[in-house]
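Subject: Model for you to look at

Hi,

Here is the model I said I'd pass on. Have a look at it first, then read my notes below.

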Amino acid sequence: MSQLRVLIAEDDPVSSRILQAHLSKWGYQVVVTTNGLDAWAVLQGSDAPKLAVLDWMMPSMDGPEVIRRLRQDSKEYVYVILLTARSQKEDMLAGLEAGADDYLSKPFDAHELKARIRTGRRILDLQTQLMTVQTLLREEATHDPLTKTWNRSGILDILQRECARAARSEGSVGVVMADLDHFKPVNDTYGHMTGDEVLREMSRRMAASVRAYDSIGRYGGEEFVIVLPDCGALSAFQRAETLREDISNKPVEATSVSVAVTASLGVAAMDQVDCQDYEVLLRAADAALYRSKAAGRNQTTLATPQEISMLSAVIGQGKA
Ligand SMILES: [Mg+2]
């Protein structure tokens, strides 16, 4: 177990020495300050302690004020035990109201201190676990488990956000829809394991092909959406062509078989008819993809301005 760092802010040297002695003995790594401003500076620093024992009365800034600041703008939670010579109930309440998690009256008893610190530690551990679970859940809710690309709702969120951003800055966003050609026979002939391998490899090739700030999401079975920020129609089309070549330039070496792959792509961009509706762009890219398929697959088609205008009118009507 890694050593937990604990901040002690206490101007009374005797009390401070006792705190240091106990905490070190119990295996904590101690950071010592003697006034509120220094304590605040330590808590603002990188790798700041997550647990702090703060004296109430200190030079330059008192304990409650340090806590108030901490609660206002700290990203990571710091568990704070407020130390006080005051024993009035209303003082305790004022300390807790300022945001202290717990308090201890001086002179304190070693067992009591140990128990309070242990409680703090337990709460910090619980919080870390919660955040880990939260991160996992968020990842699960927005990503496709097979390809590790964004899932449908994840990529749609990104597309929507990028369209809104581009509308504000009078920029453009390119949308590409890419669909693997003749994928069903791959599954039927070689089985789903091989099909999955092909999809994973296709995702890897796309990820290697696009720019760092482009986003890829699995839209359906073998269909992907690629969002290209700051791309007008021409550069979006060129990027899609590069994608198509990178996807198909060599067969996918699956475990048991080598599978030749190609993809059909459709492209639409915001600057084509000054369309700011992400849904219209997506449908336009889909319509263009359909034309790629109809024209013999393994090609890229750019949506026409007329196509986008027409979809815009239809979808606009549906929304009105
Ligand atoms: Mg003091």
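At what angle do helix 7 and helix 8 pack, and how far apart are their axes? Helix 7 (residues 183-190) packs on helix 8 at about 140°, and the two axes are 6 Å apart. That makes helix 7 oblique to helix 8. I'll come back to this pair, but some ground rules come before that.

This is a predicted model, so local features need pLDDT of at least 70 and side-chain atom pairs count only at pLDDT 80 or more, while totals for chains, interfaces and linings use all residues. Residues are numbered from 1 along each chain as its sequence is written.

On terms: helices (H or I, at least four residues) and strands (E, at least two) are DSSP runs numbered from the N terminus. Axes are lines fitted to C-alpha atoms, for helices over the stretch in contact, and angles run from 0 to 180 degrees between N-to-C directions. An angle under 35 degrees counts as roughly parallel, over 145 as roughly antiparallel, 65 to 115 as roughly perpendicular, and the rest as oblique.

**Domains**

The domain assignment (bounds from an automatic or database assignment) gives domain 1 as 5-140 and domain 2 as 152-319. The C-alpha centres of domain 1 and domain 2 lie 52 Å apart.

Five strands form an open sheet in the order 2-1-3-4-5, with parallel pairing (two strands pair if DSSP finds at least two bridges between them). Strand 2 (29-33) and strand 5 (102-105) are at the edges with a single partner strand each, so one side of each has no neighbour in the sheet. On average, neighbouring strands of this sheet are turned by 20° against each other, direction ignored.

Strand 1 (residues 5-9) pairs with strand 3 (residues 51-55) in the parallel sense over four bridges. Ile-8 has Val-53 as its bridge partner in strand 3. Helix 2 (residues 36-44) packs on the sheet and touches strand 1, strand 2 and strand 3, where contact means C-beta atoms, placed from the backbone, within 7 Å. The direction of helix 2 makes about 160° with that of strand 1. Helix 3 (residues 63-73) lies across strand 3 and strand 4 (79-84), running at about 145° to strand 3.

Two backbone details to check in the loops:

- Asp-47 has phi near 55°, a positive value in a residue other than glycine; Asp-47 sits in the loop between helix 2 and strand 3.
- The peptide bond from Lys-106 to Pro-107 is cis, with omega near -5°; Pro-107 is in the loop between strand 5 and helix 5 (110-142).

**The mixed sheet**

Another open sheet of five strands has the order 7-8-6-11-12, and its pairing is mixed. Here strand 7 (215-218) and strand 12 (300-302) are the edges, each with a single partner strand, so one side of each is left without a neighbour in the sheet. Strand 11 (residues 263-269) and strand 12 run parallel, joined by three bridges, and Val-267 has Leu-302 as its bridge partner in strand 12. Helix 6 (residues 152-169) lies across strand 6 (173-180), strand 7 and strand 8 (223-229), at about 25° to strand 8.

Phe-183, Val-186, Asn-187 and Tyr-190 of helix 7 meet His-192, Thr-194, Gly-195 and Val-198 of helix 8. That contact divides into four nonpolar, four polar and no charged residues (Ala, Val, Leu, Ile, Met, Phe, Trp, Tyr, Cys and Pro count as nonpolar, Asp, Glu, Lys and Arg as charged, and the others, Gly among them, as polar).

Helix 8 (residues 192-209) also packs with helix 9 (residues 233-248), at about 140° with axes 9 Å apart. Helix 8 and helix 9 are therefore oblique to each other. Among the residues in their contact are Met-202 and Arg-205 of helix 8 and Leu-243 and Asp-246 of helix 9. By class, this contact has five nonpolar, two polar and two charged residues.

Helix 10 (residues 278-294) and helix 11 (residues 305-319) have axes that come within 9 Å and cross at roughly 130°. Helix 10 and helix 11 are therefore oblique too. Their contact includes Arg-283 and Ala-287 of helix 10 and Glu-307 and Leu-311 of helix 11, and by class it has six nonpolar, one polar and three charged residues.

Cheers

Technical notes. Contact = placed C-beta atoms within 7 Å.
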